Amino acid sequence: MAAFRDMEEVSQGLLSLLGANRAEAQQRRLLGRHEQVVERLLETQDSAEQRLREILAMEEEVAQSLLDAKERAHQGGVELQQLQAELQKAGEDNTRLKASLLQLTRELEELKEIEASLERQEREVDEDTTVTIPSAVYVAQLYHRISKIEWDYESEPGMVKGIHHGPSVAQPIHLDSTQLSKKFISDYLWSLVDTDW
């Protein structure tokens, strides 16, 4: 009877460990999302810098064109009109690029806000995961070494899934805890363990 109680206590410990591992999975997802936001932030920043360089180059080109136009003003009114048309086009391009730069700046600010929010969530998850009791981790690692079961922590709630790496072949585990008793599940899992130590 004491062995069954011990098995039930280990099962309870494993179930609580499953809950802690979900927080780690959430943390991994948040870290992945944080990396994506940082990459997008860097891409947006690079794009904004490229557009700014284009604007400066265009303004430089327009200024040079204007100087050249003043030198050639005596050559005729036709050339002057062409240069004015180029200047107007460059001004429109400049306005368009400035509007685009303003939009990118807004997106950059939004991404910074998202990053700050993700950092807050990450800190909250870190605080939640630091509550894990080291002895529970030790018990879970010990049970893993004894049972040779690799758990699927991403399974649906109420499902006990994993793979038992037996002496000759790996055997999948797929149990529905809503239809089976905890005692049955515990007995079944312990029956997979080789007791010839």
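This is a predicted model: local features need pLDDT of at least 70, side-chain atom pairs count only at pLDDT 80 or more; totals for chains, interfaces and linings use all residues.
Local features require pLDDT of at least 70 and side-chain atom pairs count only at pLDDT 80 or more, while totals for chains, interfaces and linings use all residues. Residues are numbered from 1 along each chain as its sequence is written, and side-chain values use heavy atoms, without hydrogens and water.

Helices and strands were taken as DSSP runs, numbered from the N terminus (helices: H or I, at least four residues; strands: E, at least two). An open sheet is formed by 3 strands in the order S1-S2-S3, with antiparallel pairing. Its edge strands are S1 (149-151) and S3 (170-176), each of which pairs on one side only. Neighbouring strands of the sheet are turned by 25 degrees against each other on average, direction ignored. Pairing requires that DSSP finds at least two bridges between two strands. Strand S2 (residues 159-165) is joined to S3 by 7 bridges, and the two run antiparallel. Met159 stands opposite Asp176 in S3. Helix H4 (residues 182-191) packs on this sheet and touches S1, S2 and S3. The direction of H4 makes about 175 degrees with that of S3. For such angles, axes are lines fitted to C-alpha atoms, for helices over the stretch in contact; the angles run from 0 to 180 degrees between N-to-C directions.

Helix H3 spans residues 134-147. Ser147 lies in this helix. Its relative accessibility is 1%, so Ser147 counts as buried. The classes are buried (under 20% relative accessible area), exposed (over 50%) and partly exposed (in between), with a 1.4 Å probe and protein chains only. Beyond its neighbours within four places in sequence, Ser147 is in contact (heavy atoms within 4.5 Å) with His164 and Val193. Val139 also lies in H3, but is partly exposed at 39% relative accessibility. Together with Tyr138 and Leu142, Val139 forms a nonpolar surface patch with about 280 Å² of accessible area. Patches are made of residues with over 30% relative accessible area and no salt bridge; like charges are joined within 9 Å, and nonpolar side chains (Val, Leu, Ile, Met, Phe, Trp, Tyr) within 5 Å. Accessible areas come from the Shrake-Rupley method with a 1.4 Å probe; for residues, only the protein chains shown count as cover.

Helix H2 covers residues 77-129. Leu102 lies in H2 and is partly exposed at 44% relative accessibility. The C-alpha atoms of Leu102 and Ala48 are 9.1 Å apart, although 54 residues separate them along the chain. Glu109 is also in H2, partly exposed at 40%. Glu109 and Leu41 are 68 residues apart in sequence and 9.3 Å apart in space, C-alpha to C-alpha.

The structure holds 4 salt bridges, each defined as a side-chain nitrogen of Lys or Arg within 4 Å of a carboxyl oxygen of Asp or Glu. Lys89, Asp93 and Arg96 are linked in a network of these bridges. Within it, Asp93 and Arg96 meet at 3.7 Å, N to O. Both lie in H2, 3 residues apart, about one turn of the helix. Asp93 is buried at 16%, whereas Arg96 is exposed at 51%. In H4, Asp187 and Lys183 are 4 residues apart, so about one helical turn separates them. Their side chains form a salt bridge at 2.9 Å, N to O. Asp187 is partly exposed at 25%, as is Lys183 at 46%. Lys161 forms a salt bridge with Glu156, with the closest N and O atoms 3.6 Å apart. Glu156 is partly exposed at 43%.
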